[in-house]
Each structure stands twice: as structure tokens, then as C-alpha cells.
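Here are a few exercises to work through with the model open beside you. Try each task before you read its solution.

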Amino acid sequence: MSTHCQSCGMEFEIEADYGINADGSLNEDYCIYCYQNGKFTSELTLEEMIALCAPMVAAANQNMDVAEASLMLWDFLPNLKRWNGEG
Ligand SMILES: [Zn+2]
């Protein structure tokens with residue numbers, strides 16, 4: 001069981017944050033935005049995922065601009081299961 005989505009890095013807080021498997025059960029590795037009905041909601045490259053997430057991370061962190069958010073994501077996301085070859 002992961003504490004963060006293994007695709008976008010979002011932290012899980014409530015059950016509704018978790019993705020949904022093909023059989024309707026919760027997927028504890030991926031969030032609801034990344035994973036529904038047993039598959040990823042969109043096929044992105046790591047580069048595209050970071051480009052998508054960086055503005056949201058920057059918006060959520062007052063002390064971070066998009067460039068800094070992007071650097072942080074390049075540190076973090078490549079270690080997640082979807083991107084490190086184990087997913
Ligand atoms: Zn996610």
C-alpha cells in the first residue's frame with residue numbers, strides 16, 4: 001500500500017483518492033485521477049506528467065514557482081512505480 005499515487009505523486013488522504021480496479025475494488029497504488037476501471041486515465045510520458053503537475057504543485061505551494069515545482073517533480077516522480085519500470 002502506497003502513501004502517494006505511484007503515477008502523479010499525489011498524497012492519499014481519503015478512500016475516494018484511490019484509483020479503481022477493473023472489478024470495482026480500490027487500487028492502492030494509483031489515485032482516482034490517474035487510474036479508473038483498471039487502467040490509466042491517460043497515457044502520458046513522464047515529461048508530460050511533470051508538465052501537467054508542475055503548475056498545480058506551484059499553485060499549491062506559495063513559495064514555489066513552476067520551474068522549482070518541475071525540478072522537485074523530476075526528483076520525485078521517476079522513483080514512482082509507474083515510471084521506474086515496476087509498474
Ligand atoms: Zn495519480
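**Exercise 1.** Decide whether Glu13 is buried or exposed.

*Solution.* Start with the count: Glu13 has 8 C-beta neighbours inside 10 Å. Now apply the cut-offs: 20 or more other C-beta atoms within 10 Å of a residue's own means buried, 12 or fewer means exposed, and in between is partly exposed, with C-beta atoms placed from the backbone. So Glu13 counts as exposed because it has 8 such neighbours. To place it, look in the segment before strand 1. Thr3 is 10 residues away in sequence, yet 8.4 Å away in space, C-alpha to C-alpha.

Some ground rules: this is a predicted model, where local features need pLDDT of at least 70 and side-chain atom pairs count only at pLDDT 80 or more, while totals for chains, interfaces and linings use all residues. Residues are numbered from 1 along each chain as its sequence is written. Helices (H or I, at least four residues) and strands (E, at least two) are DSSP runs, numbered from the N terminus.

**Exercise 2.** Work out how strand 1 and strand 2 are arranged.

*Solution.* First, the pairing (at least two DSSP bridges between two strands): strand 1 (residues 18-20) and strand 2 (residues 26-31) run antiparallel over 3 bridges. Next, pick a facing pair: Gly19 is opposite Asn27 in strand 2. Finally, check the connection: it's a hairpin with 5 residues between the strands, and Gly24 in the turn has a positive phi of about 90°.

**Exercise 3.** Describe the backbone at Asn37 and its surroundings.

*Solution.* Phi is near 55° at Asn37, a positive value in a residue other than glycine. Asn37 sits in the loop between strand 3 (35-36) and strand 4 (39-40). With 11 other C-beta atoms within 10 Å, Asn37 is exposed.
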